[in-house]
Amino acid sequence: MTDSTAHLLSQIGSRLAGQLSLVSLDGRRRPGPPALVVVAHGSRDPRALSTVRTLLERVRERRPALPVHLGHIELNEPLLPDTLAGLGEREAVLVPLLLSRGYHIKRDIPEMAAASDVRARVAGALGPHPLLVDALCARLVEAGWRTRMDEATRRASAVVLAAAGSRDPESGVDTSRAAELLAERLGVPVVPAYATTAAPTVPDAIRALAAKGRHRVAVASYFTAPGRFATECAQAAPWIASAPLGTHPAMAELLLHRYDNAVRGAANCASNPPRPALAV
């Protein structure tokens, strides 16, 4: 038996086991778990859609019995309203494939969910989170970053964490916290910078670091998938630039982590309903 055949049989076995787990001893079907709807932004770059689809396959491999769907806010199909329409009135958890808080999470996604028949719960942004730091570090190492360096090299080194940017101040708070976590892991300064809307820009951040003697600057791509912003930020790098987070295993793990937290939160609310106010 070849390795590919064994892997295929293992996947089939896992899926069958997942289906059997939904059937009780008396033959009646147990209620399945809420569907996971991964909500991506959408991009004109075809690499983005390919990356997101591959990431969802990674999620399905980790949780074969879980229904996993994709919906986009704009630019790509399926659009989120269409995905939700296909789910009817079932229960679902919407997990944004977005790295920080902002308008899409606070307004767009909840409004699309409210306009559907789905019993939806919207999870929070993916970041900041240590799993994202794992993925950022791995991508930097792939690009040529050395985790071990002498003191002189360390004093000349820094990282610019390149993100999309938002007018929402909480988005900047989230990105700054991600930069702090990455700096703690790498042991060098990490400066958040942005492709649009917010300041500083990536070139400005690189110049500011150079003025402080930090000439060995890497650009860490804080994007979920390839696209115009990620490409422009990488082109500004004076040294190395890492690839977007993409299909790194930590991304699939984090999507499921956000999903599980939302499901547990809903269960806790159901088992501990708020007490009615006392009449006065």
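Axes here are lines fitted to C-alpha atoms, for helices over the stretch in contact, and angles run from 0 to 180 degrees between N-to-C directions. Contact means heavy atoms within 4.5 Å. Helices (H or I, at least four residues) and strands (E, at least two) are DSSP runs, numbered from the N terminus.

The model is predicted: local features need pLDDT of at least 70, side-chain atom pairs count only at pLDDT 80 or more, and totals for chains, interfaces and linings use all residues. Residues are numbered from 1 along each chain as its sequence is written, and side-chain values use heavy atoms, leaving out hydrogens and water.

**Helix H8 and its sheet**

H8 lies across E5, E6 and E7 and runs at about 165° to E5. These strands form an open sheet of 3, ordered E6-E5-E7, with parallel pairing. E6 and E7 are the edge strands with a single partner each, so one side of each has no neighbour in the sheet. Neighbouring strands are turned by 30° against each other on average, direction ignored.

H8 spans residues 202-211, and its buried residues are Val-202, Ala-205, Ile-206 and Leu-209. Down the helix axis they fall within an arc of 100°, so they line one face of H8. That arc is taken from the directions from the axis to the C-beta atoms. Buried means under 20% relative accessible area, exposed over 50%, partly exposed in between (1.4 Å probe, protein chains only). Arg-207 and Ala-211 are exposed on the other side of H8. The cover over the buried residues includes strands E5 (157-163), E6 (190-194) and E7 (216-221), and helix H9 (228-235). Just after H8, Gly-213 has a positive phi of about 90°.

**Arg-216**

Arg-216 sits in E7. Its side chain makes a polar contact with the side chain of Ser-157 at 2.9 Å. Such a contact is a pair of N or O atoms within 3.5 Å; within protein, one must be able to donate a hydrogen and the other to accept it, and residues adjacent in sequence count only if both atoms are side-chain atoms. Trp-239 is 23 residues from Arg-216 in sequence, yet 6.5 Å away C-alpha to C-alpha.

**Strand pairings**

Strands pair if DSSP finds at least two bridges between them.

| Parallel pair | Bridges |
|---|---|
| E5 and E7 | 6 bridges |
| E1 and E3 (residues 91-96) | 5 bridges |
| E1 and E2 (residues 68-72) | 5 bridges |

6 of the 6 residues of E1 (residues 35-40) are buried, so the strand is largely enclosed by the rest of the structure.
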